[in-house]
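The following exercises ask the reader to work through a protein fold step by step. Each task is followed by its solution.

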Amino acid sequence: MTVLDLFRLDGKVAVVTGGNRGIGKAIAIALAEAGASVVVAARDAERNDEAVAELSKIGPALAVSTDVTDRAALVAMRETVTAELGPIDVLVNNAGVGIHGESLTLDDDGWDRVMSTNLDAVWKASQVVGEQMVGRRTGSIVNVGSMSGMIINRPQWHAPYAVSKAGVHHLTKSLAAEWAPQGVRVNAIAPGYTKTEISDIDDPKWRHYWIDEVPMQRYAQASEIAPSALYLAADASSFVTGSVLVVDGGYTLW
Ligand code: NDP
């Protein structure tokens with residue numbers, strides 16, 4: 001046994017919400033490469049199938065169309081995964097949405113949409129899958145928070161997004177404390193600016209804020225975020241719970 005064996009997930013079943021593109025897909029690939037059977041749980045069935053076709057070249061993979069805001073869909077997902085692959089060992093709560101807008105003009109729909117996907121769904125999925133994990137006295141939950149849960153981004157305002165991610169960080173700590181005696185670890189990663197569909201990161205008008213102000217002077221590729229999620233999912237982090245691992249090229253240092 002070497003230290004690298006602690007990063008393996010052979011025989012484990014991992015669910016990645018929003019695993020059909022962006023950071024979630026990169027995490028799904030990393031977990032598959034580490035040996036896990038990986039479930040892509042997102043809404044777009046076509047994109048789920050495309051991601052699973054790619055993952056299947058690495059190992060067992062399954063697409064389960066899931067709207068994470070819907071508790072019944074999450075329960076159905078858990079039951080399908082358990083029947084097809086076995087009980088869930090790793091849950092990555094990655095699905096998320098972002099909106100920009102000034103707080104005096106953002107409407108309640110915008111607030112509700114961000115909260116229901118980014119925070120309420122993390123609560124629901126953690127409860128639904130956590131029930132099974134606590135019952136088995138084993139499991140690792142990795143939440144995708146954000147550096148936006150720790151600082152205030154500029155110049156584009158997004159109060160609901162920032163609040164949702166701060167909530168994810170604190171929910172991570174709350175569940176970690178509660179479930180530690182039952183052998184379930186709960187951690188989060190807090191990525192900085194990362195190139196995916198959620199962000200118009202290459203727009204020159206944001207360059208000053210999104211690149212020049214990052215100590216590393218660049219944004220991340222999704223593949224650079226994924227290894228941190230793998231670390232928290234695997235036994236490599238067996239004594240780590242309630243942590244928020246910042247992966248931001250140094251942005252939150254200023
Ligand atoms: P993308 O927009 O590329 O991907 C978002 C994913 O979430 C998609 O797979 C989408 O699938 C899924 N999703 C959205 N709503 C739901 C829903 N209701 N039910 C199930 N799945 C859903 O975003 P990123 O990869 O950039 O973001 C992933 C996570 O990383 C998010 O939580 C985001 O907040 C966070 N993050 C991103 C950063 C960045 O700079 N990109 C920085 C910090 C954090 P589908 O539409 O098919 O359901």
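Predicted model: local features only at pLDDT ≥ 70, side-chain atom pairs only at ≥ 80, totals over all residues.

**Exercise 1. Determine which strands pair with E4 and in which sense, and describe how the faces of E4 are covered.**

Solution. 

Step 1. Strand E1, residues 13-17, pairs with E4 in the parallel sense over 3 bridges. Within this pairing, Leu91 of E4 is the bridge partner of Val15.

Step 2. Strand E5, residues 139-144, also pairs with E4 in the parallel sense, here over 4 bridges. Val92 stands opposite Val142 in E5.

Step 3. Strand E4 comprises residues 90-93, and both of its faces are covered. Val90 and Val92 are buried on one side, while Leu91 and Asn93 are buried on the other.

Step 4. Helix H4 lies across E4, E5 and E6 and runs at about 175° to E4.

**Exercise 2. Give the strand order of the open sheet of 7 strands. Why is one side of strand E3 and of strand E9 left without a neighbour in the sheet?**

Solution. 

Step 1. The order of the open sheet is E3-E2-E1-E4-E5-E6-E9, and its pairing is parallel.

Step 2. Strand E3 (61-63) and strand E9 (244-247) stand at the edges. Each has a single partner strand, and therefore one side of each remains without a neighbour in the sheet.

Step 3. On average, neighbouring strands of this sheet are turned by 15° against each other, direction ignored.

Step 4. E1 and strand E2, residues 37-41, pair in the parallel sense over 5 bridges, and Thr17 stands opposite Ala41 in E2.

Step 5. A helix is now placed against the strands. Helix H1, residues 22-33, lies across E1, E2, E4, E5 and strand E6 (184-191), and runs at about 170° to E1.

**Exercise 3. How many residues surround the ligand, and which are the closest?**

Solution. 

Step 1. The ligand is surrounded by 28 residues, the closest being Asn20, Arg43, Asn94, Tyr161 and Thr196.

Step 2. In the side chain of Arg43, an N or O atom lies 2.7 Å from an oxygen atom of the ligand. For Asn94, a polar backbone atom is 2.7 Å from an oxygen atom of the ligand. A polar backbone atom of Ile23 is 2.8 Å from an oxygen atom of the ligand.

**Exercise 4. Locate Ala159 and classify its accessibility.**

Solution. 

Step 1. Ala159 has its place in helix H5, residues 159-179.

Step 2. Its relative accessibility is 29%, so Ala159 counts as partly exposed.

Step 3. From C-alpha to C-alpha, Ala159 and Ala229 are 25 Å apart in space, and they are 70 residues apart in sequence.

Definitions and conventions: Residues numbered from 1 in each chain as written. Heavy atoms only, no water. Buried < 20%, exposed > 50% of the residue type's maximum accessible area, 1.4 Å probe, protein only. Helix = DSSP H or I, 4+ residues; strand = E, 2+ residues; numbered from the N terminus. Pairing = 2+ DSSP bridges. Axes fitted to C-alpha atoms, helices over the stretch in contact; angles between N-to-C directions. Contact = heavy atoms within 4.5 Å. Near = heavy atom within 4 Å. Polar contact = N/O pair within 3.5 Å; in protein donor to acceptor, adjacent residues only side chain to side chain.
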